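Let's take a walk through this structure together, moving from its aromatic rings to its sulfur bridges, its core and a few loop residues. Keep the model open beside you as you read.

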Amino acid sequence: MNATKIKYLSILILCLFTSCEWFLDESPRGVLNEDELNTEEQAEKLVIAAYSCLGNDNTTAPQHLWVYGDLRGGDAYKGGQGTQDQVSFHYYETFYLLRTNDDWLASKWYRLYVGVGRANKALRVLNNLNDFPNKKKRIAEMRFLRGHFYFELKTLFKLVPYIDETVPSEDYSKVSNREFTDIELWDKIIEDFRFAMDNLPEDNIEIGRSNHWVAKAYLAKTYLYSAYEQNEKHEVIKINQDRLNYVIDYTDQVITKSGKSLARDFSDNFRWATQNGSESVFAVQYSYDDGTLYNRGDWGTKLNYPMGDVYGCCAFHAPSQNLVNAFRTVNGLPDFVNYNNVNILYPNDLKSNTIDPRLLHSVAIVDLPYKYNPDLLFEENWLRDPGTYGRFLSMKEVELPDCPCLKKQGPFFITALNRDLIRLDDVMLWKAEALIQKADGSGLEEARTIINNIRRRAMTSTDKLKDASGNPTGNFDVKEYPMTGWTQEYAFKALQWERRLEFALEGYRFFDLVRWGIADITLNQYFAKEKSRRNYLAEAKFTKNRDEYFPIPKVQIDLSKNLYQQNHSW
């Protein structure tokens, strides 16, 4: 290979790992085209480039779903310095003044389609290779990744253009975002995950690659979401029982045969030292001390560290008072009706009330140990704008300042703490949800057992929740749900509550509410009370039949020459 070709190959590889164009496959002059990339070596590089999109992050369009699931789901306030700091996030949180031409929404769309585009590019090259031992496995990995990116696109924007590796570039402009119905689009995603499940090994050896069990878990998740069939107005009109059966079958196989198990302590899921543990089914793999300037780290959460001398910036992702109150227990169980009538604000409140210990795994509270270090107390000056956003900060996605996994970039911290996309606790609660939603009520008792298994782990996850004297930092009380009164209605409420407590501040809440068809009721009740606590929420309002999904970015509609149709009511 001559020097010129080596130079252009280097440029191409650099582009693959940093950014790439979507819908533009024409190569610049002198750059290798796909025919010249049809080698095993180059195919492997394209595969890695597609994987890299899982962690190609940016603060304005993070891969971590805290912006899209927590702010819009009532679990967190934006944080930062007032409403104009990262103002688009304020619009997402309040559902007020959000417009179809929001640049950061367009960026999120673009970044997810970069992932789709890289998977498709790798698939085209892989399909043209002969006698490549890893061909089928790599194809399955790329279809898994494509399924992941489309899943996120669908849950954010609902109806999106579906393009696979068979569509020639000259036909991209002919693909409508309404080519497939809502359920047909779910089925296209299911096809990718099913292919991956059928063709991936049970153990892919290399950490971070998908495998049979990962694909089966994601397939179950997709069947669960698609079981709640929606009409054009985003209303749930039917719960598809056949799809629930798939959820039960696939989750059961993952739970019983994958070799995964719940971590002994809940904290193990949120510490760099214990990541990739027994509970992690699939995680975005970040790195540290890897020779790059700022590590291959999580840029999407770098705004979420505290202020003050120990850290520096910027106190985003502030748990809501509503969420914190939800961890209060009465006789060891959640207080479904009156939970929000008692405010948990100060350390003394954690002693005068009984609480679920998962609160202190999730939320940083002033004057309590920060991230399991009893000698490092969360200080009031670590907050940036408590008058606007309260006295709490999210804690699951951050690390201690002395962790070797941290790299400082100006006032920001970038962490190599992995981000779990699927954990076993999630798989277990998907199964419980499907069992509860069975029309004949036959799964209620099994669902109770699953939920109680999760709660038993919560009961015993208190070893790291102690002060410098070794005393518990809260009056912890979690009990199992009894059989008495375990009706379908009560069981579903318990399931909804358990998901909120178990996955607090991990970015799932809003998507759960939309799936269940209760986003409008839940969020407008939330705003009615929260407005008395946080003045900046005065204009906040969830508009039913519109706000269940983001609008299709106007720039994409313009580029499609109005082929794309906007979501309902936008």
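Two rings of Phe, Tyr or Trp (its six-membered ring) are called a pair here if their centres lie within 6.5 Å; planes under 30 degrees apart count as stacked, over 60 as edge-to-face and the rest as tilted. Please bear in mind that this is a predicted model. With that rule, a search of the whole structure turns up 50 aromatic pairs.

Is tyrosine 162 buried or exposed? Its relative accessibility is 6%, so tyrosine 162 counts as buried, given that buried means under 20%.

For another geometry, turn to tyrosine 370 and phenylalanine 378. This aromatic pair is stacked, with 5.9 Å from centre to centre and 20° between the planes. Tyrosine 370 and phenylalanine 378 are both buried.

Arginine 72 lies over the face of phenylalanine 550, 3.8 Å from the ring centre. In a second example, arginine 546 places its charged end over the ring of tryptophan 570, at 4.6 Å from the centre of that ring.

Which residues does tyrosine 150 contact, leaving aside neighbours within four places in sequence? They are Tyr113, Val116, Val160, Pro161, Tyr162, Ile163 and Ile189.

Now for the cysteines. A disulfide is a covalent bond between the sulfur atoms of two cysteines. With sulfur atoms within 2.5 Å as the rule, the count comes to two disulfides. One of them joins cysteine 313 to cysteine 314, with an S to S distance of 1.7 Å. The torsion about this S-S bond is about 80°, so the disulfide of cysteine 313 and cysteine 314 is right-handed. Cysteine 313 and cysteine 314 are both buried.

The other links cysteine 403 and cysteine 405, whose sulfur atoms are 2.3 Å apart. Here the torsion about the S-S bond is 130°, and the link is right-handed. Cysteine 403 counts as buried because its relative accessibility is 10%, and cysteine 405 is buried with a relative accessible area of 0%. Counting bonded cysteines along the chain, the disulfides follow the pattern 1-2, 3-4. Cysteine 53 is buried too, with a relative accessible area of 2%.

Asparagine 204 lies in the loop between H7 and helix H8 (212–227). Its relative accessible area is 5%, so asparagine 204 is buried. What does its side chain reach at 2.5 Å? The side chain of asparagine 204 reaches the backbone oxygen of serine 210. Beyond its neighbours within four places in sequence, asparagine 204 is in contact with Lys137, Glu141, Arg209, Ser210 and Asn211. From asparagine 204 to isoleucine 189, 15 residues apart along the chain, the C-alpha atoms are separated by 22 Å.

Asparagine 353 sits in the loop between helix H11 (349–352) and strand S8 (354–355). At 16% relative accessibility, asparagine 353 counts as buried. Its side chain is joined to that of serine 352 by a polar contact of 3.4 Å. Not counting residues up to four places away in sequence, asparagine 353 touches Arg328, Val342, Ile344 and Asn475.

Isoleucine 518 belongs to the loop between helix H17 (509–516) and helix H18 (519–530). With 24% relative accessibility, isoleucine 518 counts as partly exposed. Leaving aside neighbours within four places in sequence, isoleucine 518 is in contact with Gln496 and Leu513. Isoleucine 518 and phenylalanine 503 are 15 residues apart in sequence, and their C-alpha atoms are 18 Å apart in space.

Methods:
Residues are numbered from 1 along each chain as its sequence is written. This is a predicted model: local features need pLDDT of at least 70, side-chain atom pairs count only at pLDDT 80 or more; totals for chains, interfaces and linings use all residues. Side-chain values use heavy atoms; hydrogens and water are left out. Buried means under 20% relative accessible area, exposed over 50%, partly exposed in between (1.4 Å probe, protein chains only). A charge sits over a ring if NZ of Lys or CZ of Arg is within 6 Å of the ring centre and within 35 degrees of the ring normal. Contact means heavy atoms within 4.5 Å. Helices (H or I, at least four residues) and strands (E, at least two) are DSSP runs, numbered from the N terminus. A polar contact is a pair of N or O atoms within 3.5 Å; within protein, one must be able to donate a hydrogen and the other to accept it, and residues adjacent in sequence count only if both atoms are side-chain atoms.
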